[in-house]
Amino acid sequence: MKKTLSFFSFAIIIFLGINACSPSKTIGTKGEEDYNENIEDIRLNYTDSIKKAMTEPRQESTRPTPEGPKVNASLATRYSINTELDDFLVQVSDNNARNNVYQGFTVQVYTGNSREKANEAKNMVYSLIPESNPAISFDPPNYKVKVGEFTDRLEAQPIYSELKGNFPVVLIVPERFKINKDD
């Protein structure tokens with residue numbers, strides 16, 4: 001009898017626990033109450049530029065006058081860094097002119113701490129592109145093998161493409177080059 005009573009009391013506790021965890025009301029899209037949510041009151045409204053362009057009358061395009069196009073550069077932005085960026089670029093240009101260097105790109109085919117492997121990479125570049133002039137530089141603790149002096153990335157692309165399959169890592173890297181002044 002005690003066993004039966006404890007079994008029934010355990011079953012009732014389990015039933016009440018499950019019943020307490022179930023939601024009291026379910027919200028669905030079917031049934032007596034249709035679920036509807038309208039958030040138009042809190043949604044931000046933006047003008048549709050395409051609709052606006054189609055509904056507004058077209059204005060005559062102004063052709064530039066012979067003295068040149070008129071530029072309206074009165075965009076006042078809050079966090080504009082144009083003047084600071086212009087000043088910085090002028091400083092970089094002046095610094096490069098003082099140091100007699102220019103900013104360009106080179107193709108790097110090897111970087112590591114082994115001089116022998118750097119020489120092997122240099123010889124391999126010579127065998128693949130005989131007219132190239134690969135150079136080994138030592139930037140402690142690494143040796144680097146670089147090919148060419150290019151003014152932009154696009155100019156370096158053919159050499160990069162030719163060497164890409166023969167070396168594990170080939171990169172087009174920015175580099176500063178000395179300006180040779182032959183007087």
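The model is predicted. The protein has five helices and four strands. Two salt bridges are present. T106 is buried and sits in strand β1.

**Overall architecture**

- Along the sequence, the elements run α-α-α-β-α-β-β-α-β.
- The protein has 183 residues, and buried residues make up 16% of them.
- Consider contacts between residues at least 6 apart in sequence: 70% of them join residues at least 24 apart.

**Salt bridge K146–E175**

- The side chains of K146 and E175 form one of the two salt bridges. The N to O distance is 2.8 Å.
- K146 belongs to strand β3, residues 142-150, and E175 to strand β4, residues 171-178, so the pair ties together parts that are 29 residues apart in sequence.
- K146 has a relative accessibility of 16%. K146 therefore counts as buried, the cut-off being under 20%.
- E175 has a relative accessible area of 23%. That value makes E175 partly exposed, because it lies between the 20% and 50% limits.

**Salt bridge D139–K144**

- K144 pairs with D139 in a salt bridge. Their closest N and O atoms are 3.9 Å apart.
- The limit for a salt bridge is 4 Å, so the D139–K144 pair qualifies at 3.9 Å.
- D139 is partly exposed, at 44% relative accessibility.

- Strand β1 spans residues 101-112 and includes T106.
- The relative accessible area of T106 is 2%. T106 is therefore buried, as the cut-off is under 20%.
- The T106 side chain reaches the backbone oxygen of G148, at 2.7 Å.
- Leaving aside residues up to four places away in sequence, T106 touches K146, V147, G148, F150, L171, I172, V173, E175 and F177.
- Both partners of the K146–E175 salt bridge are among the residues that T106 touches.

**Points to locate in the structure**

- Next, find K146 in strand β3 and E175 in strand β4.
- Finish with D139 and K144, the partners in the 3.9 Å salt bridge.

Notes: Residues numbered from 1 in each chain as written. Predicted model: local features only at pLDDT ≥ 70, side-chain atom pairs only at ≥ 80, totals over all residues. Heavy atoms only, no water. Helix = DSSP H or I, 4+ residues; strand = E, 2+ residues; numbered from the N terminus. Buried < 20%, exposed > 50% of the residue type's maximum accessible area, 1.4 Å probe, protein only. Polar contact = N/O pair within 3.5 Å; in protein donor to acceptor, adjacent residues only side chain to side chain. Contact = heavy atoms within 4.5 Å.
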